[in-house]
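Me: I have a protein chain here and want to learn to read it. Let us go through it in short questions.

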Amino acid sequence: MELIRGGRNPQYRIVAFENEGTDGDRRIWLPNTLIDGAAKEAPAIELIRQNGNVKALELLVDLYEQHFLATEGGIEWRQGKGIRVGYHRDKVVDWGEFSVWTFTANSSETAWADFPPFAKFSDSSAFWEAWHLLRHLGLVTSVAHLVESDTEEGEVMHPLPYDTDGMPHEKEIAEAAHDAAFSMMAEWRQEHPDFYYADPLVPLRRHFQKVELVGIFRLRYLPHTRATADWMRKQSEWAGIADDFRELEAVAAGKSVRNQRHAISRVDQG
């Protein structure tokens with residue numbers, strides 16, 4: 001802070017660090033809506049102030065540093081260094097060159113000790129108190145994503161928010177995948193399912209043997225940055241995946257003669 005004018009009503013100016021970009025320092029870009037509010041909503045910073053939890057505000061800022069929309073779909077989620085909702089997976093059936101997978105969410109959220117925002121708290125209960133406040137205020141949401149594998153090398157394929165928050169076209173992907181997978185099952189299994197029908201279902205090529213579903217946390221208000229713009233472009237690409245699942249559903253139901261490989265091409269690309 002730099003003092004511009006003293007007196008009874010002093011004025012200050014915020015000055016950027018001169019060593020910004022050195023010694024590991026980097027800027028954290030925050031959206032104006034945190035202060036100004038969106039539409040007629042109360043500003044997020046005011047809601048946090050009303051709750052009197054200063055650590056929640058610090059946590060919110062730290063989460064923006066860990067928010068990798070363009071590459072990871074949201075806040076760092078990988079094992080050992082992130083935070084996420086985990087899922088159990090089961091294979092339901094094979095159909096042609098595809099396997100149908102179902103996923104059941106764990107009841108709790110997991111944060112690892114090396115997750116930087118978590119590591120700043122000396123008491124884990126204080127972290128979860130601040131975290132749950134941000135969740136309650138709707139500042140952080142969970143969106144299920146299909147990933148190639150739960151490894152350092154596994155990449156995010158696309159959103160699959162059948163049972164979580166998500167944008168309308170993301171939910172459309174999940175619903176289309178569910179319908180396509182259901183169409184690949186025998187009538188006896190459709191009538192008497194040996195899986196929980198309300199859980200996510202998705203058909204994938206058989207070589208995806210390590211596929212997993214991960215609940216990735218996403219911040220509600222997005223900063224106007226290049227990374228956000230890159231993610232928005234990827235969203236428009238994902239919007240067409242639902243159409244491919246719908247076509248695959250028609251193939252499985254015998255309503256289309258379109259080649260299966262062509263029907264699922266964009267789904268494979270993720």
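Reply: Start with a definition: a salt bridge is a side-chain nitrogen of Lys or Arg within 4 Å of a carboxyl oxygen of Asp or Glu. This is a predicted model, where local features need pLDDT of at least 70, side-chain atom pairs count only at pLDDT 80 or more, and totals for chains, interfaces and linings use all residues. Residues are numbered from 1 along each chain as its sequence is written, and side-chain values use heavy atoms, with hydrogens and water left out.

Me: With which residue does Arg-13 form a salt bridge?
Reply: Helices (H or I, at least four residues) and strands (E, at least two) are DSSP runs, numbered from the N terminus. The closest N and O atoms of the pair are 2.7 Å apart. Arg-13 lies in strand β2 (residues 11–13) and its partner in strand β1, so the bridge ties together parts that are 11 residues apart in sequence. The partner is Glu-2.

Me: Is Glu-2 buried, partly exposed or exposed?
Reply: Buried means under 20% relative accessible area, exposed means over 50%, and partly exposed lies in between (1.4 Å probe, protein chains only). Glu-2 has a relative accessible area of 34%. Arg-13 has 40% and counts as partly exposed. Glu-2, too, is partly exposed.

Me: How many salt bridges does a search of the whole structure find?
Reply: One of them joins Arg-189 and Asp-194, with the closest N and O atoms 3.0 Å apart. Arg-189 is buried, at a relative accessible area of 12%. The search of the whole structure gives 18.

Me: How many residues apart are Arg-206 and Asp-94?
Reply: These two form a salt bridge, with the closest N and O atoms 3.9 Å apart. Arg-206 sits in the loop between β9 (201–205) and β10, while Asp-94 sits in strand β5 (residues 83–95). The pair links distant parts of the chain, and the separation is 112 residues.

Me: Which side chain is joined to that of Ser-99 by a polar contact?
Reply: A polar contact is a pair of N or O atoms within 3.5 Å; within protein, one must be able to donate a hydrogen and the other to accept it, and residues adjacent in sequence count only if both atoms are side-chain atoms. Ser-99 lies in strand β6 (residues 98–111) and is buried at 0% relative accessibility. Its polar contact spans 2.6 Å. The side chain at the other end belongs to Asp-94.

Me: What is the length of the polar contact between Arg-218 and Glu-170?
Reply: Arg-218 lies in strand β10 (residues 212–219). At 6% relative accessibility, Arg-218 is buried. Beyond four places in sequence, its contacts (heavy atoms within 4.5 Å) include His-67, Trp-231 and Glu-170. The side chains of Arg-218 and Glu-170 make a polar contact of 3.0 Å.

Me: How far does helix α6 reach from its first C-alpha to its last?
Reply: Helix α6 (residues 124–136) has 13 residues. The expected span of a helix is 1.5 Å times one less than its number of residues. For α6 that expectation is 18 Å, and the helix comes close to it, reaching 18 Å.

Me: Which residues of α6 are buried?
Reply: An α-helix has 3.6 residues a turn, so residues three or four places apart point the same way. After α6 comes Gly-138, with a positive phi near 75°. The buried residues of the helix are Phe-127, Trp-128, Ala-130, Trp-131, Leu-133 and Leu-134.

Me: Is Ala-39 buried or exposed?
Reply: Ala-39 is found in the loop between α1 (33–36) and α2 (44–51). Its phi is positive, about 55°, although Ala-39 is not a glycine. At 82% relative accessibility, Ala-39 counts as exposed.

Me: What share of the chain is buried?
Reply: The chain has 12 helices and 10 strands. Its C-alpha atoms fill a box of roughly 80 × 40 × 35 Å along the principal axes. Of the 270 residues in the chain, the buried share is 44%.
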